[in-house]
Amino acid sequence: MNSKIITLREELHKYPELSGIEAHTAKRIQHFIQKEYPGKIIEAIGGPSFAVVYSYGASGNTIAIRCELDALPIEEKNDFHYKSLHKGVSHKCGHDGHMAIVSGLIFWLQKQEFKTGTVVLLFQSAEETGKGAYEVLKSPKFKALKIDYLFALHNIPGVDLHTIITMNKGFSAEVESLIINLEGIESHAAEPKNGINPSIAISKIIQQLNTLIISDPLHEHFSVLTPVHLKMGEKAYGISPALGELHYTIRTWNSQNMETLKGKIKEIVETTSTENNLSFTLTWLEHFPASENDTTCNTIVKKIAKAHDFKTLERPYPFKFGEDFGWFSKEYKTAMFGLGSGLQTPPLHNPFFDFPNEIISTGIQMFGGIIKTILEK
């Protein structure tokens with residue numbers, strides 16, 4: 001493996017940036033690519049997102065390979081020479097490794113002699129908030145690229161190094177988050193009957209939302225509802241509070257089931273609020289559409305894995321986490337696959353997680369084979 005890619009990955013790890021503000025990360029990669037194998041850079045494709053374009057003729061397919069720029073608000077617990085220098089921010093999802101793979105493709109592309117087609121290396125901002133892919137998708141600069149196929153990968157801890165993980169239906173779940181705000185009337189804590197306290201309603205809503213959970217991932221209507229934050233009143237012991245706030249994140253396997261689930265949630269909140277004389281508002285945020293795999297694209301992924309004799313793992317259902325790559329699968333032929341990052345590697349979003357350098361070459365080989373297959377169609 002080219003040592004320059006390892007150096008880049010470790011630099012990216014040392015200087016992580018949060019979602020939507022990855023300007024220095026973007027410039028670091030652009031400088032690296034322009035120095036090693038210049039391409040046409042298209043900046044500001046929805047925030048700091050950018051693309052590097054290599055054209056091999058006026059006709060032919062256009063294929064995009066996407067990676068993510070952002071890090072997480074997690075304090076790094078590792079103590080190696082490339083440890084994050086930004087307090088409270090670190091690459092704990094492996095996006096530094098994903099960027100190194102896509103950047104490293106330039107050394108492979110430099111050796112190719114394609115007669116037609118275009119390769120787009122897409123470096124996307126703000127995956128962790130679910131906003132980045134949506135902003136890219138709506139950008140006129142991105143639409144002008146007229147992409148035919150779009151591929152991505154994600155490293156997966158707990159799976160043998162270099163294993164290619166595929167799934168037929170889709171890569172990841174449909175995920176949305178919501179805030180439930182309840183409002184009653186304050187009163188003296190000695191006479192709560194003179195006010196409307198939201199506590200009983202909150203407990204009923206939590207209990208009823210829990211009945212909507214279908215945890216079996218093989219069930220057609222798989223649904224997970226996770227309460228993540230609860231607030232009621234203030235630390236003022238003479239006041240019976242009026243305000244309550246509940247935060248949830250919910251997930252299903254597809255958009256249709258998500259809309260059905262959202263309808264049931266609204267009905268529960270509305271009925272419970274009415275019964276308890278409370279007003280309510282529902283606020284939806286951080287939408288990650290299900291990442292669906294196009295049949296043709298998925299077949300190509302499996303073909304390349306077999307051609308390189310990589311170990312493969314076929315999952316019967318998607319991963320439960322959210323991935324905003326799903327925005328792309330709504331409009332393009334896409335496929336996303338997993339890349340095993342080691343049985344002993346800490347889980348994603350763990351403060352001790354670190355992307356293993358040895359799988360960078362595996363990712364490059366996979367994407368190289370996919371590009372070759374698409375451009376030589």
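Gly47 is partly exposed, with a relative accessible area of 44%; buried here means under 20% relative accessible area, exposed over 50% and partly exposed in between, using a 1.4 Å probe and protein chains only. Before going further, a word on the model: it is predicted, so local features need pLDDT of at least 70 and side-chain atom pairs count only at pLDDT 80 or more, while totals for chains, interfaces and linings use all residues. Residues are numbered from 1 along each chain as its sequence is written, and side-chain values use heavy atoms, with hydrogens and water left out.

## Loop residues

Gly47 sits in the loop between strand 1 (40-42) and strand 2 (50-55). Helices (H or I, at least four residues) and strands (E, at least two) are DSSP runs, numbered from the N terminus. The C-alpha atom of Gly47 is 20 Å from that of Pro289, and the two residues are 242 residues apart along the chain.

Pro356 lies in the loop between strand 16 (333-340) and helix 10 (360-375). Pro356 is buried, at a relative accessible area of 11%. Setting aside neighbours within four places in sequence, Pro356 is in contact with Leu161 and Ser341, where contact means heavy atoms within 4.5 Å.

For Ala126, phi is near 55 degrees, and the residue belongs to the loop between strand 4 (118-124) and helix 4 (132-138). For Asp309, phi is about 60 degrees, and the residue belongs to the loop between helix 8 (295-307) and strand 15 (312-314). Is each of them buried or exposed? Ala126 counts as buried at 4% relative accessibility, whereas Asp309 counts as exposed at 70%.

## Nonpolar cores

A nonpolar core is a set of buried Ala, Val, Leu, Ile, Met, Phe, Trp, Tyr and Cys residues joined through side-chain atoms within 4.5 Å. In soluble globular proteins, nonpolar side chains tend to be buried together. The largest nonpolar core in this model has 53 residues, and those with the most contacts inside it are Ile63, Leu121, Phe123, Phe151, Phe367 and Ile370. Helix 3 (residues 95-109) supplies the largest share of this core, nine residues. A second, separate core has 26 residues, among them Val120, Leu122, Ile147 and Ile165.

What does Leu121 touch, not counting residues up to four places away in sequence? Its partners are Phe50, Ala51, Val52, Tyr54, Ile65, Val102, Leu105, Ile106 and Leu109.

## Packed helices

Two packed helices are described by the angle between their axes and the distance between the axes. Axes are lines fitted to C-alpha atoms, for helices over the stretch in contact, and angles run from 0 to 180 degrees between N-to-C directions.

| Helix pair | Crossing angle | Axis distance |
|---|---|---|
| Helix 2 (residues 23-36) and helix 3 | roughly 15 degrees | within 9 Å |
| Helix 6 (residues 199-210) and helix 7 (residues 255-275) | about 155 degrees | 10 Å |
| Helix 3 and helix 10 | roughly 60 degrees | within 9 Å |

Angles under 35 degrees count as roughly parallel, over 145 as roughly antiparallel, 65 to 115 as roughly perpendicular and the rest as oblique. Helix 2 is therefore roughly parallel to helix 3, helix 6 is roughly antiparallel to helix 7, and helix 3 is oblique to helix 10.

A crossing is left-handed if the near helix is turned anticlockwise from the far one by less than a right angle, and right-handed if clockwise. Helix 2 crosses helix 3 in a right-handed way. The crossing of helix 6 and helix 7 is right-handed, and helix 3 passes helix 10 in a right-handed crossing.

Which residues meet where helix 2 packs on helix 3? From helix 2 come Thr25, Ile29, Phe32, Ile33 and Glu36, facing Met99, Ser103, Ile106 and Phe107 of helix 3. By class, this contact has six nonpolar, two polar and one charged residues; Ala, Val, Leu, Ile, Met, Phe, Trp, Tyr, Cys and Pro count as nonpolar, Asp, Glu, Lys and Arg as charged, and the others, Gly among them, as polar.

Where helix 3 meets helix 10, the residues of helix 3 include Ala100, Leu105 and Trp108, and those of helix 10 include Gly363, Phe367 and Lys372. The contact of helix 3 with helix 10 has nine nonpolar, three polar and one charged residues.
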